[in-house]
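I opened the model today to look up a few spots. My notes follow, entry by entry.

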Amino acid sequence: MLRRKRLNISLFYFIACTNFVFLLDSCSETNQDETAVMTEASTSLENSLDAILRKHVKELASDEYGGRAPATPGEELTIKYLVKEFKAAGLMPGNGESYLQEVPVTEIITGSEAVLKLRGSDYIRDVSYGDEMILSTYQERVVTEFNDSELVFVGYGINAPERNWNDYANIDVKGKTVVMLVNDPGFATGDPKLFNGKTMTWYGRWPYKFEEAARQGAAAAIIIHDTEPAAYGWDVVRNSWSGPQIKLTADDNGDNQSAAIGWITKKVAQDLFKGAGLDYEALVKEAAQPRFQAISMGDIHASATLRNNIRKSTSNNVVGVIPGSVRSDETLIYTAHWDHLGINTEVDGDNIWNGALDNASGTAALLALSNLYSRAAVPPERTIVFLAVTAEESGLLGSQWYAQHPLFDPALSVANINMDGLNVIGPMNDVVVVGFGNSELEDYLAAAVAQQPGRYVAEEPHPERGYYYRSDHLNFARIGVPALYAESGEDSREHGREWGTTRAQEYTDLRYHTPADEYDENWDLRGAIEDIELYYNIGSRLASSSDWPNWYEGNEFKATRDATAKRRTDH
C-alpha cells in the first residue's frame, strides 16, 4: 500500500500544490498529520477518477449508443455527450464558437451478395462473401465492377524508392487485379536490414497497399490474409470490413481509386495459386527477397459486381480547450477517437460493436484529463487542446481531416499525446512506447515514469503488428508534430508478465473488434489511473515550459518538423 499512497500523494500535489509533479520537492514540507490529510484527499481523488472513467465508459459503450459509428444516431448521442462534458469541465470551444469540427464523410455499404468469380481454362471458383473473401470499394458509386480482369501476384505490393524496392517494376497492372501479401518483407525474413525487420513499416499496412494499387491503375486489389503477419484473425477482417465503410468524401467521387478492394483467406489463395499452376509457398518466400518480379497468374481472370448503398454526410471531431495564460497560440493536443464499428445487421445475435475498451476508455481518459486540468491551481501557460476524433476505425479519418485542416498551427503545436485503449486489468510495471525510439517526448515520459516507483519504460512487445500506424497520432506525425502513444504493458505488478501477456492476448483473440468488447464492472482501473497521471504530468510539464521537443535524428518526420522551425522562431 505504501507505493499506492505515494502515487496518490503525488497526484494530489500535482493538482493542488503545483502544475506538475516534477516540482513535488519544491512544495512546502508537511508533517505527519498533513501527510495523512493529503493521503486521504489523494485517495479520494483516485476514487473519483475511477468513478469518472466508469461513468463515461459505461455511458459511451452502452447499447443505446449503437457502437458509435460515424454519421449515425450513435454519433449524435456521442458528440452531444462529449460537448456536454467538455462544458461541464469548463473547456472553451476549440473551433471558434463551436466545439465541433465538421468532417465530410461518405458511407459505403457493399451488399453481401457480392461474389468473386475466378475463371481460367482449368480453374473455376466462386469465392463467397464473408467466410472466404470480403470486397469493398472507395469509389462513391452505386455499382462498381471489374470484369474479366487478369490476375497478377505483386508480392507485397510495395513501391518504396528510398529502399530500392518496387514490386510493380517492369509490369503494367492497369485494369488488372493485383493480389498481394499482408505486412512487409522485413517481417517475413526477420532481417533487421530489410525494411525495419520484424517491426512493421507503413508499407505493411493495408491502407498503403490499396492506395498504391490505385496509383498503379489496378482495377481491383486483394490482400491475402494470414493471421501472424496481419496480427489478427479472419474474424477481425470480416467484422471490420463488412457493414458500413466510412471514407473522407472525395471531390471526384473516388474515381481515381480501384473499383474493388478486399481480402481473401489464405486457404482460398493457396487453392487459387494451385489452380494457376503456381507454388504458393515458394512465391511467398521469393516475394520477400529484393528484386522480386511480379508474376501473371496464368489465364485466370477475376470478375465481381459490387452493389453499394452510398450515403454522404458529415461527421464531427469534438474539440475543447483550456486557453494558455501566457502563450495561448502554442498548443498541446490530447487525442482519443470516440468512434467504433456501430451495428452490423448482417450478423445474427448480438450485432452491436460497443467498443468499450476500443475506444470508449480512451475517450473517458480524455474527459478525465479535462477535469484534472480544470482543477489545477495554476493554469497552463500553453493552450491545452482536447480533441475527440471521428472515424479512426475507418482509417484514421478524423485525425487525417484535422491534419489537413488544422484548427491550430502545427508549427506551434508542441506535442500530441494519443490515447487508444486504457489498461483495465490492474497496475503494470512497464510503460510501453508504441513506435519506440521516435521522439524526444520519450525523455519526458521517462521523467514522468521515474515518479512512479517500480515502473519502467519498455519497447512494445509486438512491433510487427504495426500499432504505430494504426492510431491517430500518426496523422500528427505526418505534419511534423511530435506524437507520443504510450500505454501500460504486460508486466503485471501483482501477477507477473506471463499473466499479463495472457490477458492481453485474450482481449485480442476474443474481444478486439467484436461485440464482446463491452464494459465490465470488474475492470481494475488502478493501472489506467497511473497512466492518466503520466499523460497529465507530461502535458503539464510541456504546457508550463518553453520547450520544443523534436523527433530523434533519422526519424522520417523530423524534416517536416524542422521545416517549421522558422515559424516558431518568428513567433
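**Aromatic rings.** I paired rings of Phe, Tyr and Trp (its six-membered ring) if their centres lie within 6.5 Å; planes under 30 degrees apart count as stacked, over 60 as edge-to-face and the rest as tilted. Then I looked up one cluster: Phe153, Phe273, Tyr280 and Phe292 belong to it.

**Ground rules.** This is a predicted model, so I kept local features to pLDDT of at least 70 and side-chain atom pairs to pLDDT 80 or more, while totals for chains, interfaces and linings use all residues. Numbering runs from 1 along each chain as its sequence is written, and side-chain values use heavy atoms, with hydrogens and water left out.

**Phe153 and Phe292.** I counted 20 aromatic pairs by the ring rule. Phe153 with Phe292 is one that is edge-to-face, at 5.8 Å centre to centre and 75° between the planes. The two are 139 residues apart: Phe153 is in strand E6 (residues 143–153), Phe292 in the loop between helix H9 (280–287) and strand E13 (295–322). Helices (H or I, at least four residues) and strands (E, at least two) are DSSP runs, numbered from the N terminus.

I also checked burial. Buried means under 20% relative accessible area, exposed over 50%, partly exposed in between (1.4 Å probe, protein chains only). Phe153 is at 0% and therefore buried. Phe292, at 6%, is buried as well.

**Helix H8.** Which residues of H8 (residues 266–275) are buried? I found Val268, Ala269, Leu272 and Phe273. They sit on the same side of H8, because they cover an arc of only 130° around the axis. That arc is taken from the directions from the helix axis to the C-beta atoms. Lys267 and Lys274 are exposed, on the face turned away from the buried side. Just after H8, Gly277 has a positive phi of about 75°.

**Gly262.** I placed Gly262 in strand E12 (residues 260–264). Gly262 counts as buried because its relative accessibility is 0%. What does Gly262 touch, not counting residues up to four places away in sequence? I listed Ile134, Leu135, Phe210, Ala221, Ile222 and Ile223, with contact meaning heavy atoms within 4.5 Å. Trp206 is 56 residues from Gly262 in sequence and 9.5 Å away in space, C-alpha to C-alpha.

**Charges over rings.** I called a charge over a ring if NZ of Lys or CZ of Arg is within 6 Å of the ring centre and within 35 degrees of the ring normal. Lys198 has its charged end over the ring of Phe187, 4.3 Å from the centre. Arg478 lies over the face of Trp202, 4.5 Å from the ring centre.
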